[in-house]
Amino acid sequence: MSQSAPASSSSELCPCGSGKPFAECCGPILAGAPAPTPEALMRSRYSAYVKRNYIHLRRSLSKEQQADFSEKDAREWAESSEWLGLEITGTEAGGESDAEGTVDFAARFKAGGEERKHVEKARFIREDGAWVYAGMIVPKAEPVRREEPKIGRNDPCPCGSGKKYKKCHGA
């Protein structure tokens with residue numbers, strides 16, 4: 001497994017957007033220190049894409065997620081993208097005594113000359129005492145609810161024209 005990581009100065013701001021120096025934020029986690037919270041792990045995973053640290057991307061996955069990990073795919077995405085920023089929009093659980101936690105985030109990047117945004121609610125679990133990424137939580141689809149009664153084709157048009165709906169606004 002290969003890894004490339006550009007040299008960084010100790011005063012360089014962390015790519016995760018925390019406002020802290022990289023050496024005090026995601027740097028130690030990318031180097032192998034355990035993340036204290038799911039949010040810290042999420043930030044480090046974003047920084048790993050920016051810094052092209054594929055070892056951390058694999059290591060920070062749950063055992064189940066590692067089975068599907070492709071360093072080639074991660075490398076292609078990381079290297080073909082210009083990383084523009086990470087925004088954490090919410091967190092749930094993930095404290096010292098928790099076994100699970102979630103992080104809502106939006107990662108902005110440019111690919112193929114087009115700005116894009118990856119929005120996700122990420123699930124994190126503890127494995128062997130360490131936080132790992134366990135996948136994305138897919139939102140449940142809400143059923144569509146009709147606010148107004150359905151108009152039949154042969155009902156009078158609600159516009160008041162006196163015509164049947166099918167001959168007026170239903171045409």
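**Cysteines and rings, step by step**

Tutor: Gladly; let us begin with a cysteine. Cys159 has a relative accessible area of 44%, so it counts as partly exposed. Keep in mind that this is a predicted model.

Student: How far is the sulfur of Cys159 from the closest cysteine sulfur?

Tutor: In general, a disulfide is a covalent bond between the sulfur atoms of two cysteines. Here the closest sulfur to that of Cys159 belongs to Cys157, 3.6 Å away, which is too far for a bond.

Student: And how many disulfides does the structure hold?

Tutor: The number is 0. Cys14 is another cysteine in no disulfide, with the sulfur of Cys26 as its nearest at 3.5 Å. The cut-off for a disulfide is 2.5 Å. With a relative accessible area of 6%, Cys14 is buried.

Student: Now the rings, please. How many aromatic pairs are there?

Tutor: A pair of aromatic rings is described by the distance of the centres and the angle of the planes. In this model the count is 7 aromatic pairs. Take Tyr49 and Trp77: their centres are 5.1 Å apart, with 65° between the planes, and the pair is edge-to-face.

Student: Which parts does the pair of Tyr49 and Trp77 tie together?

Tutor: Tyr49 belongs to helix α2 (residues 38–51) and Trp77 to helix α5 (residues 71–80), so their pairing ties together parts 28 residues apart in sequence. Tyr49 is buried at 14% relative accessible area, while Trp77 is partly exposed at 31%.

Student: What does a second example look like?

Tutor: Phe124 and Tyr133 have ring centres 5.7 Å apart and planes at 70°, so this pair is edge-to-face. Phe124 is buried, at 0% relative accessibility, and Tyr133 is buried as well, at 11%.

Student: Which residues do ring pairs link into a cluster?

Tutor: The cluster consists of Tyr46, Tyr49, Trp77, Trp83 and Phe109.

Student: Which charged residues lie over a ring face?

Tutor: Arg45 lies over the face of Tyr133, 5.0 Å from the ring centre.

Notes: Residues are numbered from 1 along each chain as its sequence is written. This is a predicted model: local features need pLDDT of at least 70, side-chain atom pairs count only at pLDDT 80 or more; totals for chains, interfaces and linings use all residues. Side-chain values use heavy atoms; hydrogens and water are left out. Rings of Phe, Tyr and Trp (its six-membered ring) pair if their centres lie within 6.5 Å; planes under 30 degrees apart count as stacked, over 60 as edge-to-face and the rest as tilted. Helices (H or I, at least four residues) and strands (E, at least two) are DSSP runs, numbered from the N terminus. Buried means under 20% relative accessible area, exposed over 50%, partly exposed in between (1.4 Å probe, protein chains only). A charge sits over a ring if NZ of Lys or CZ of Arg is within 6 Å of the ring centre and within 35 degrees of the ring normal.
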